[in-house]
Amino acid sequence: MFWTRLKRSAPVAVALLLAVPAFAQETPVPGGTAIVVLGSDPEHLNPGISTSYPVGAVGVNVYSGLVRLAADGRPEGDLASGWTVSDDNLTYTFTLRAANFHDGTPVTSADVVYSMLEVEAPNHGRFKTAFDRIASITAPDAGTVVITLKEPYAPLLSLLTAFDAAVLPKHLFEGTDPLTNPANDAPIGSGPFKFGTWVRGERIEVVRNDDYYLEPALLDRVIFRVVPQDVGRSTALEVGEADLLWGFYMPPVDLPRLAADPNLQTWTGITIPALYFMFINTNTPRLDDVRVRQALMYAIDREQIVEQAQGGLGQAGSGPFGAGFAYAYSAATDYRTLYPYDPDKAKALLAEAGVTGLKLRFVYDSARGAFAAAGNIIRDQLRRVGIEVELQPAERAVMVERVYGGDYDITMQSFTSGGDPAIGYHRIYRSAAPGTPFVNASGYSNAQVDEWLEEAGGLADQDARKAYYDRADEVLAHDVPVMVLFDELASEAAAGNLRGMRTLLDQRDGLEYLWFAKP
Amino acid sequence: MASEGNGGGLAIYALRRVINAVPLVLGVVVVNFVLIALAPGDPVTSLIGEYPAPPEYVERVRHDFGLDRSIPERLILYVANVARGDLGFSFANRQSVTTLLLQRLGRTLVLMLSTVVVATAVGLLLGVLSARRPGSLTDRGATGFALVGYAVPEFWLGQLLILVFAVWLGWLPAGGFRSVRVEYVGFAAALDSFRHMLLPMAALSFRYMAITTRLTRASLLEVMSAQYITAARGRGLSENAVLWRHALRAAALPVVTVIGYNFAFIVAGSALVETVFGWPGIGRLMYDSIYTRDYPVLLGILLFVSVTVILVNLITDALYAVLDPRVRY
Amino acid sequence: MAAEGGADVAVAAPGARRERSNASAAWRRFRRSSSGVFGLTVVALLAVVAMLAPALAPFDPHATSRAAFATPFGGPHILGTDNLGRDVLSQVIWGSRVSLIVGLAAAATATLIGVVVGALAGYFGGWFDELLMRVTEFFQVIPRFVLALIVVAFFGSGLVNLILVIGLLSWPQTARLVRSQYLSHKTLPYVDAGRALGMRNARLMFLQILPNVMGPVLVVASLDVAQAILLEASLGFFGLGDPNLTSWGGMLNSAQTFIRRAWWMSVFPGVGITLAVLGFNLFGDGLTEAYDPRMAPR
C-alpha cells in the first residue's frame with residue numbers, strides 16, 4: 001500500500017516515486033471504470049489553447065504530445081519514438097511512431113507542425129515561451145519533425161508534452177478558428193482515451209482507445225466528475241463515488257482524515273514544483289526600502305502559514321526559488337536561517353528605517369481559500385510589529401488587473417514552475433514591463449540578475465546552472481522584492497484498491513496506467 | 001365564491017397586468033446590462049489560464065466575444081438578441097446561455113417544485129392541526145417549529161443535515177445529483193435521484209413550511225370565528241367538516257398568495273442550497289459564473305429569474321382575483 | 001400585499017375607523033405579547049453583547065495562534081478555536097456587531113426611503129403615485145439575493161456597500177404599506193382640519209400623518225432587520241463579506257471547509273444568526289399586537 005507519513009515540520013524529501021508498485025506480486029487487471037474528481041467544469045477540451053488545470057486533465061489523456069515526462073522528470077518518447085540532438089544543441093530531430101487519430105486518420109508530421117505553428121504558438125502561453133526561442137519547425141517527411149532553436153534552451157523538451165504542445169488533427173482544425181472550433185468540445189486526439197460524452201457541469205467520460213500506439217489503457221473508461229464544492233470532493237471519495245482526487249482539488253485539511261480512512265490511500269510529495277509567494281510592491285512608499293522588506297520577512301511566521309493555511313502541505317520558504325530544484329537552491333540563502341520568525345528583529349528594522357504607522361493593502365484572489373487564510377495570519381502578525389494590513393480580496397480578473405497594474409502593496413500568488421525554473425520561476429524576478437499579467441509585479445528590476453537568469457536558462461548542465469543561480473540567490477535573498485512563503489507539496493487521495501497512479505510526472509498524466517486490484 | 005359573470009372583467013384585468021409587465025421586463029434587462037457592463041474586471045482574463053498569454057490571443061478572444069465594441073452598441077445588440085430568445089454566449093462554458101440555462105433549469109425546477117409541494121402540504125397540515133386546538137401542545141410545538149424554521153439560514157441547515165445524515169449516520173448522499181458510478185435506469189434511477197434530492201429539499205423547505213404553517217394557522221383562526229362558520233356549526237356540521245370544507249377554502253387564499261409572492265425567495269434559497277449540496281442547477285451556475293466573470297450567464301440568470309418572478313406574480317394576481325370575491329377589477 | 005410570512009399587515013378596508021395609536025396603550029398591549037417581550041429581550045441582549053464586545057470577548061477575535069481546532073468546553077477556549085487558532089467565542093461575540101450594524105442600518109435605510117416614497121405616492125396620488133408605484137414594483141420584481149450577490153461581488157464588500165445594497169433592495173414593502181396608510185389617512189377629518197388651519201403639505205405629511213402611521217412601519221422595519229441579517233449572512237457565506245471584520249456569515253464560510261473536522265465552527269455562529277433573526281421577528285410580532293391587534297398572528 002502507498003502508506004503516507006505526513007511530514008509537517010521536517011524538510012520534505014523530494015519524493016520522486018517510480019511507477020513500480022511496491023507489491024510486485026500484483027499483476028495489473030484490465031477493465032473497470034475509474035472516477036476522477038475535477039473541481040470545475042473545463043471551459044473546453046483543447047489543451048493546445050489553454051493552460052487551465054481541468055482542460056489539461058482531460059486533454060492530456062485524449063491527445064498526445066511528442067514527448068511525455070516520466071516520474072523522475074526525464075522526457076521520454078510519446079508520439080515520438082525517439083529523437084536526436086545536434087552537437088550545438090540547436091537542432092532536435094524527432095522520429096514519429098505509426099499512430100492514428102481516434103477517427104482513423106493517421107498522425108503525420110504535418111499535424112505536429114500545424115498544431116505548433118498555427119494553434120499553440122499564437123494561443124498557448126507556456127508553449128510561446130519555447131516558441132520565442134525556436135527558429136523553425138519543419139517536417140522533412142511524414143514521419144519526422146525537426147525543431148531548430150535560435151539559441152540553446154534546456155527546457156525545450158519539457159514544453160513538448162501534450163500539456164503544452166498537443167498534436168491536434170490538422171484535418172479538423174485547418175481553415176477554422178481554433179478558439180471556436182467544435183472539436184474543442186468533442187476532441188479527436190491520438191491519446192490512450194477517446195472522448196465519449198460531456199454532460200456540462202456534471203461529468204466527462206472518456207473510453208479506452210484500443211488502437212493506441214503504446215500499450216492500451218487498462219481501464220475501460222474514465223469518468224471525470226465535476227464537484228465544485230471543495231467539501232464535497234473528499235466526501236465523494238469517502239463514500240465511494242470517486243476513486244481519485246488530486247491535491248490540486250483537495251482541501252489540505254481533509255488530508256489527515258482521508259489518510260486515516262482504511263478504505264483509502266493517500267500520498268504527498270513534490271511532482272512539479274510550485275511556489276507560493278508574495279510580491280512586494282517596491283513602488284509603494286516605504287516598501288522601496290530594503291530594510292522594510294526584510295522586516296516583513298522577519299515578522300511573518302511562514303511555518304504557521306504552511307500548517308494552517310496550507311494544511312501542512314508545504315515546505316516553508318527555503319530561498320528565492322524554493323527547494324524544488326536542487327541547482328536553484330543555495331544553503332547560504334535558505335530563508336529559514338536567514339530570516340527566522342523574529343518579530344523583535346522586525347520591529348528594530350522598522351525603527352531603523354524610521355517607519356511608523358505603515359498601512360498596507362493585501363490584494364489576493366478571493367477564490368483561493370489558502371490565500372484568505374494566510375492573509376488573516378499575516379494581518380495578525382504584521383499588526384504585532386506595528387503594520388496595519390487591509391485585506392482586499394478580489395475576483396481573479398480584478399486581482400490580475402490590480403496586481404499587474406501596480407495597484408497593491410502586497411499580494412499573494414502561486415506560480416507553477418512548469419517543470420523547470422526557466423519556464424515558471426524566472427518570470428517572478430525578471431524585469432517586466434508594467435501591465436503584463438503573471439510575471440514580475442514587484443517593480444523590481446536588476447539587470448545583473450536578469451543576465452544571470454538568462455544564462456542559467458540556456459544551459460543544460462545542472463552544475464553550470466547552479467553557479468548562476470547561486471549568484472542570483474545571494475542578491476535576491478538580500479533584496480527580497482518577493483517574499484517566498486513555501487514550496488507546494490503535491491498530494492493525492494485514492495480508493496484503496498486503485499493502482500498505477502503517478503506513473504508520469506504530472507498527476508493528471510498517465511491515466512492509462514490505472515487499474516483496480518481485486519479486494 | 002368566484003364572481004360570476006365577470007369573466008370579461010378578469011380577462012381585461014389580466015391583459016392590463018400583462019401590459020404593465022412589459023416595461024418592467026425591459027427595465028430589468030437594461031438595468032442588468034448597464035450594471036454588469038460597468039463592473040470592473042476583464043472577463044477575458046478568466047479564459048486564458050494561469051500563464052501570460054500572447055496579446056494577439058487576448059485581442060482575438062476579446063473580439064470574438066464582442067467585447068471590443070462600445071457599450072451602447074452592445075446594449076442594443078443585447079436587447080435585440082433577447083427579443084429573439086438569444087441570451088448570448090457563455091465564455092466559460094462555451095455554450096449559448098439559453099442552452100445552458102435550459103439544461104440546468106430542469107434540475108432547479110425539480111428541487112423547487114418538490115420543495116413547494118412538500119412545504120405547502122406539511123405547512124397546511126401543521127397549520128390545521130394547530131388551529132384546531134389553539135394553545136394545545138400541538139399548537140405550541142407547531143408554532144415554535146414555525147418560528148425557528150423561519151429564522152434558520154437554509155445554508156447552515158444544509159450543512160447540519162449533511163453532517164447528521166450523510167457523515168455521521170451515512171444514510172443519504174452528501175451531495176450531487178445522482179450516483180456517478182452506477183447508471184441506474186427506470187425506477188432505480190428515480191429512486192436514486194430522490195435519495196440525492198431529499199437533503200437539499202429538506203434544507204430548502206423549512207422556511208416555507210414555517211411560513212405556510214403560521215399563515216394557515218392565522219388565516220384559519222380568523223376565518224373560524226367568522227359568521228358563516230358559526231352558521232355552519234349551527235346547522236350541525238361536524239367540526240371536521242367545518243374545518244375542511246369551509247375554513248380551509250377561505251384560508252387557502254393568503255397561503256396561495258404568500259407562496260406566489262415569495263417565489264423570488266425560493267429562488268434565492270435554492271442558490272444557497274444548491275451550492276452547499278453541489279446540486280447542478282441554476283443557483284450553482286450563478287455561483288460559478290460570479291467567479292469566472294461570465295457576464296452573459298449572469299445577465300441571463302437575472303433576466304430569467306426576473307421574468308419568472310413577474311410571471312408568477314401575474315399568475316398569483318389572477319388566482320387571487322379569482323379566489324377572493326372582495327377584489328375588484 | 002401580504003408581507004413575507006410573519007405579521008399580516010394588510011390594510012383594513014377604507015372607511016373603517018382607525019383609533020389613534022396612543023403610545024402608552026401600544027406599550028401596554030406590547031407588554032402582554034409574550035412573543036414581543038421575548039423578542040425584545042433577545043434583541044436587547046444582542047445589543048448589549050455587541051456594544052460590550054471588547055469587554056466581553058476573552059480574546060482578540062483576529063488573533064491567530066498555533067492552537068488550531070481546539071475542541072470546545074476543553075481549555076481556555078470555551079467554544080473552541082477555528083482553523084487559524086482564533087477563539088470562536090470571541091468571534092461570535094464580535095460578529096454580533098456586524099450583524100446588528102448591517103441589519104439596523106440597512107433596515108433604517110430601507111425604512112427611510114420607503115417612508116418617503118410611500119408618503120409622496122399616497123399623499124399626492126395621480127401620475128406621481130403611478131410612477132412611484134412602477135418603480136416600487138420594479139424593485140420588488142428584481143430577485144434581491146441574485147442582484148445583491150452580483151453588486152457586492154463586483155463593487156466590493158465593505159460595510160457601507162453591504163448596507164446600501166441591502167437597504168436599497170428592501171424598501172418596496174415599506175413603501176407600499178406607507179402608501180396605503182397615507183391613502184386612507186389623507187381623507188380623514190384631522191387632515192382636513194390641518195389644511196383648513198393652513199398647514200403646508202410637508203408639515204401635514206410628516207408631522208401630522210406620519211406619527212399615526214409609524215406603528216405598522218415599525219413592524220415592517222423590525223422584520224426588515226431580520227431579513228437584512230439573513231441576507232448579510234448569506235452574502236458572507238458566499239465569501240462576499242468584509243474579510244477585515246469578524247462576521248457570522250464569514251465564520252460559516254470558513255466553517256464550510258472544515259465542517260467535518262470542527263463542527264463548532266459552524267454550529268455557534270449559526271445559532272447566533274438564528275437567535276438574532278428570531279429575536280427581531282418576534283419583536284415585530286409583538287409590535288403588531290401592540291399597534292394593530294386585529295392583525296396579530298395570535
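This is a predicted model: local features need pLDDT of at least 70, side-chain atom pairs count only at pLDDT 80 or more; totals for chains, interfaces and linings use all residues.
## Chain A as a whole

Let's start with the big picture. Chain A is built from 16 helices and 21 strands. Its C-alpha trace stretches about 70 × 55 × 40 Å along the principal axes.

How does the radius of gyration of chain A fit with a compact globule? A compact globule of 519 residues would come in near 24 Å, and chain A has 23 Å, so the two agree. On the inside, 59% of the 519 residues in chain A are buried. And if you take the contacts in chain A with a separation of 6 or more, 71% of them link residues 24 or more positions apart.

## Two loop residues with positive phi

Now for a couple of backbone details. A:Phe438 isn't a glycine, yet it has a positive phi of about 65 degrees. You'll find A:Phe438 in the loop between α14 (426-429) and α15 (447-458) of chain A.

A:Arg502 isn't a glycine either, and its phi is positive at about 55 degrees. Look for A:Arg502 in the loop between β20 (498-499) and β21 (515-516) of chain A. Buried or exposed? A:Arg502 has 24 C-beta neighbours inside 10 Å and therefore counts as buried.

## Where chain C meets chain A

Here, 18 residues of chain C are in contact with 18 residues of chain A. On the chain C side, the residues touching chain A split into seven nonpolar, eight polar and three charged.

Terms used
Residues are numbered from 1 along each chain as its sequence is written. Chains are lettered from A and ligands numbered from 1 in the order in which they are written. Helices (H or I, at least four residues) and strands (E, at least two) are DSSP runs, numbered from the N terminus. A residue is buried if 20 or more other C-beta atoms lie within 10 Å of its own, exposed if 12 or fewer, and partly exposed in between; C-beta atoms are placed from the backbone. Two residues are in contact if their C-beta atoms, placed from the backbone, lie within 7 Å. Ala, Val, Leu, Ile, Met, Phe, Trp, Tyr, Cys and Pro count as nonpolar, Asp, Glu, Lys and Arg as charged, and the others, Gly among them, as polar. The radius of gyration is taken over C-alpha atoms; the globule rule is 2.2 Å times the number of residues to the power 0.38.
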